[in-house]
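Subject: Handover of a structure for your files

Dear colleague,

Please find the structure below, together with its sequence.

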Amino acid sequence: MSATDFAIDVTGITKRFGPKTVVNAIDLQVRRGEIYGFLGPNGSGKTTFIRMLCGLLTPDGGSGTCLGYDVRTQQAEIKCHVGYMTQKFSYYEDLSIRENLDFIARIYDVPDRAAAVERSLVRLGLQNRSAQLAGQLSGGWKQRLALAACLIHSPQLLLLDEPTAGVDPKARREFWDEIHQLAADGLTVLITTHYMDEAERCHRLAYLAYGNLLTRGTLTEVLQSVKLTTWTVTGPALRDLAAALRGRDGVEQVVAFGNTLHVSGRDPARLETAIAAVRTPNHEWTRIRSGLEDVFISLMDGAKDNFA
Amino acid sequence: MVLKEFIQMKRDRVTFGMMVGIPLMQLMMFGFAINSDPRHLPTAVLAADQGPFARTFIQALRTSDYFALVRETNSEAEAQRLLQVGDVQFVVNIPADFSRQLLRGERPSVLIEADATDPAATGPALAAVNALAGSIFNRDLPGPLARLHAKAGPVDFLIHAHYNPENITQYNVVPGLMGVVLTMTMVIITGLAITRERERGTMENLLATPVRPFEVMVGKILPYIAVGYIQVSLILLAAHFIFHVPMVGSLLLLYAMALLFIAANLAVGITFSTLAKNQLQAVQMAFFFFLPSILLSGFMFPFRGMPPWAQAIGSCLPNTHFLRIVRGILLKGNGLAEIAPEIWPLLLFLAVAMTIGVTRYRQTLD
Ligand SMILES: Nc1ncnc2c1ncn2[C@@H]1O[C@H](COP(=O)(O)OP(=O)(O)O)[C@@H](O)[C@H]1O
Ligand SMILES: [Mg+2]
């Protein structure tokens with residue numbers, strides 16, 4: 001695979017704020033046309049990493065390219081071909097939807113601006129609301145506007161920083177359909193999210209904690225990267241049961257999911273021993289395939305010991 | 001609630017500093033810098049008579065508190081130019097037959113020409129001049145001439161108040177207001193320009209686009225130049241129709257100079273907005289700049305009444321120079337040549353402020 005097949009190809013990217021290393025030697029390769037999910041707890045450095053990719057921050061260490069341009073020296077070129085959707089809504093609340101789009105189109109020097117603005121209004125279903133002020137829009141519509149704005153200059157790479165935070169499930173679903181459509185048309189998308197169902201819709205995933213990349217790959221690869229065994233249990237007095245399980249040898253995490261508990265550990269034998277000790281006929285135990293969330297929590301617990 | 005406010009106040013160092021700094025600055029300016037009885041005003045003497053009485057007279061002026069003799073000349077034209085440019089506040093004309101008339105007891109006329117654009121600056125000195133005359137020749141006029149004292153004084157002072165013969169304060173204040181209004185609005189508006197983008201989060205977006213710092217600056221400045229011109233025009237209209245301020249000089253020149261001044265203030269505002277962390281800080285910085293621009297520029301109090309340190313600060317402020325330009329053009333009919341000494345400080349100021357603004361403006365969030 002040649003270098004140009006990667007939309008993003010960086011190694012050892014590091015960023016420090018004062019004494020704190022916020023992004024620690026991250027390697028990342030994203031193929032063109034791929035939807036790459038970026039996960040990790042708050043403060044793990046996702047936003048900082050994305051900002052380095054799009055030329056908003058200069059890395060303190062590491063090197064690499066974004067769309068073939070050097071992330072350290074060719075920030076100006078990168079900015080022309082990347083659409084970046086910030087975590088916080090960052091368009092002008094006192095301008096209308098159309099005025100915002102028009103402004104962005106002007107800044108990018110989009111050819112045939114009026115048509116481009118019209119196209120993006122139509123495609124995102126915003127044409128009836130084009131005169132509305134951006135500040136009056138609900139979360140879902142703001143997100144649509146932001147997406148429309150970062151697509152207006154036909155970028156080759158979309159960097160979306162928690163685009164679906166605070167957006168209702170239906171709008172989220174539509175948003176993801178749109179993202180898949182864009183990817184099918186050849187756009188590369190790097191997207192950060194906290195939702196597991198969204199993570200599962202990505203072609204590849206990376207998991208970040210405390211600035212360190214803990215795992216990456218396809219969904220299956222990520223699930224297999226931690227040899228985790230998970231059991232679920234249903235029955236009465238789950239809180240007491242959880243308390244009894246925590247701290248037992250072989251039990252690494254006990255997490256409540258509604259009316260069930262997920263109990264996971266890396267060593268199946270020790271986990272089963274631990275479970276046997278608390279087993280009662282009132283509870284129903286089932287072994288399940290570990291989910292992404294189980295894997296991530298396990299990764300993060302491991303990371304806490306190593307880095308925190 | 002109160003505690004929370006105090007904690008937040010403590011966190012915002014700049015605001016905290018300003019809260020202490022602004023009263024201190026006001027104290028300094030009102031307490032020490034401002035003097036409504038200006039003395040040692042620069043004066044030129046145009047002496048057509050060099051006789052001993054004339055010398056005594058000049059000597060007396062020299063030792064008086066109000067006049068500082070900076071120039072003796074015998075060219076009428078040069079004296080006029082000094083007055084016009086504002087290098088001197090007064091020209092004292094000693095007539096050719098001063099000594100002879102004095103000896104004959106004819107009460108020679110000494111013409112004092114004053115630059116009366118600012119009546120507050122010239123008033124006290126002119127009031128003092130008559131008192132001065134009475135005492136000058138006490139020793140020099142012996143014997144029979146001593147009787148001259150009994151009368152109105154041995155010398156007759158004619159005062160010619162140039163540029164503002166009726167000593168109308170508005171003639172001085174209204175043109176000065178132009179600089180003050182522009183300083184206030186321009187610095188605050190642009191001071192907020194970039195901090196607002198940062199506070200609302202739109203800055204991150206702007207930085208992620210290929211837009212250049214220069215384009216951002218120009219984009220932020222140009223619309224406000226138009227706003228500034230509207231203000232200038234409004235003040236000129238009011239000056240003409242309401243206050244009947246004379247407009248002797250070229251309005252075109254005035255507008256050209258206003259452009260320079262507006263740009264200088266906008267550059268200050270932009271610089272502030274790159275320094276301020278939030279809008280409140282930007283407003284405070286603007287205020288910090290505005291205060292001396294009113295008090296130390298010669299707008300409210302005569303510039304020459306201030307101690308040297310205050311004059312030095314005043315000389316660094318664009319408003320000080322712009323005031324002189326506006327008053328010069330409107331009241332004195334000054335042209336480009338006469339206002340030239342005030343132009344280069346404005347240019348220098350603009351260049352420095354622009355440089356700081358552009359270098360402080362970051363293209364990244366680093
Ligand atoms: N400009 C900055 N100065 C100092 N610290 C920062 C700055 N930006 C982010 N950080 C810190 O870096 C860490 C990672 O932040 P961020 O990249 O926003 O994480 P995420 O997007 O994953 O939630 C946080 O601890 C945050 O406080
Ligand atoms: Mg973030």
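The notes below cover the conventions, the ligand, the domains and the chain interface.

This is a predicted model, in which local features need pLDDT of at least 70 and side-chain atom pairs count only at pLDDT 80 or more, while totals for chains, interfaces and linings use all residues. Residues are numbered from 1 along each chain as its sequence is written, chains are lettered from A and ligands numbered from 1 in the order in which they are written, and side-chain values use heavy atoms, with hydrogens and water left out.

Ligand 1

The shell around ligand 1 (residues with a heavy atom within 4 Å of the ligand) includes A:Phe17, A:Lys20, A:Val22 and A:Pro41, as well as the run from A:Asn42 through A:Gly43, A:Ser44, A:Gly45, A:Lys46 and A:Thr47 to A:Thr48. By type, the shell holds 3 nonpolar, 6 polar and 2 charged residues, with Gly counted as polar.

Polar contacts are pairs of N or O atoms within 3.5 Å. An N or O atom in the side chain of A:Thr47 is 2.5 Å from an oxygen atom of ligand 1. Backbone atoms also take part: a backbone N or O atom of A:Gly43 lies 2.7 Å from a ligand oxygen, and a polar backbone atom of A:Gly45 is 3.0 Å from one. The protein buries 64% of the 560 Å² that ligand 1 exposes when taken alone (Shrake-Rupley accessible area, 1.4 Å probe).

Two elements of chain A, β2 (20–31) and α1 (46–53), each give two or more residues to this shell; they are DSSP runs, of at least four residues for helices and at least two for strands. The largest share, 3 residues, comes from α1(A).

Domains

An automatic or database assignment sets the domain bounds. Chain A is divided into domain 1 (3–223) and domain 2 (227–289), and their C-alpha centres are 38 Å apart. In chain B, domain 1 spans 41–162 and domain 2 spans 168–361. Contact between these two domains of chain B (heavy atoms within 4.5 Å) takes 14 residues from domain 1 and 11 residues from domain 2.

Chain interface

Between the chains, 20 residues of chain A are in contact with 17 residues of chain B. The buried area is about 1700 Å², of which carbon and sulfur atoms give 53%; this is the accessible area (1.4 Å probe) lost on being put together, summed over both parts. On the chain A side, A:Leu56, A:Lys79 and A:Tyr92 lose the most area to chain B, together 32% of what that side buries.

With kind regards

Terms used
A polar contact is a pair of N or O atoms within 3.5 Å; within protein, one must be able to donate a hydrogen and the other to accept it, and residues adjacent in sequence count only if both atoms are side-chain atoms. Buried area is the accessible area (1.4 Å probe) that two parts lose on being put together, summed over both.
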